[in-house]
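Me: Please take a close look at one helix pair in this model. Then follow the charged pairs around that part.

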Amino acid sequence: MAAAFLVHTRLSWGKTCDYLIANDVEPGLMHRYETREDWQGVILDALINVPLAPYLPSGQPIPPIGTAKVIGVEAVDPSQVKKNVLRTRSQFIMATIWKKQSALKNYNFLHHDYDKWTQKQIWADIDYWCNSKKHPIIDLITKWRCTRQHQRLRAEEK
């Protein structure tokens, strides 16, 4: 029996990424999986916060976070998942909710207490998903921050 959930996501700039669902979200999704035929409905098309680069062994800094759209979900055996697959963050908004409310309301729920540049990326992502507006400069800064996080990881692993 599957004991983990792999979500397939799309970032606002088109890249697709897979994540394991956050530990604290997993029990609720597992309950739906075990009791409902339409268990995927709660997470499909949801907006969910995801790390855009790896976490560091030192724990700091936290990687850039973005808001992705869930394009698929599957129940998996955890032993079949690659070790480097990151977990989503806990914040997500079901499609039935985010599609009915303003980008600002969605942002107010998802921006959490992240650093300034992560909050800017989350706003850019939400504005894209809700209003089809692109923010190439914010995306470029985030991609640079991700590159920097990968450099830090390599330095810490030496």
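Reply: Helices α3 (residues 103-110) and α4 (residues 116-131) cross at roughly 145°, their axes coming within 9 Å. Axes here are lines fitted to C-alpha atoms over the stretch in contact, and angles run from 0 to 180 degrees between N-to-C directions. Helices are DSSP runs of H or I with at least four residues, strands runs of E with at least two, numbered from the N terminus. The model is predicted: local features need pLDDT of at least 70, side-chain atom pairs count only at pLDDT 80 or more, and totals for chains, interfaces and linings use all residues. Residues are numbered from 1 along each chain as its sequence is written, and side-chain values use heavy atoms, with hydrogens and water left out.

On the α3 side, the contact (heavy atoms within 4.5 Å) is made by Ala-103, Leu-104, Asn-106, Tyr-107 and Leu-110. α4 supplies Gln-119, Ile-122, Trp-123, Ile-126, Cys-130 and Asn-131. By class, that contact has eight nonpolar, three polar and no charged residues. Nonpolar means Ala, Val, Leu, Ile, Met, Phe, Trp, Tyr, Cys or Pro; charged means Asp, Glu, Lys or Arg; the others, Gly among them, are polar.

Arg-145 is buried at 13% relative accessible area. Asp-115 is partly exposed at 37%. Buried means under 20%, exposed over 50%, partly exposed in between (1.4 Å probe, protein chains only).
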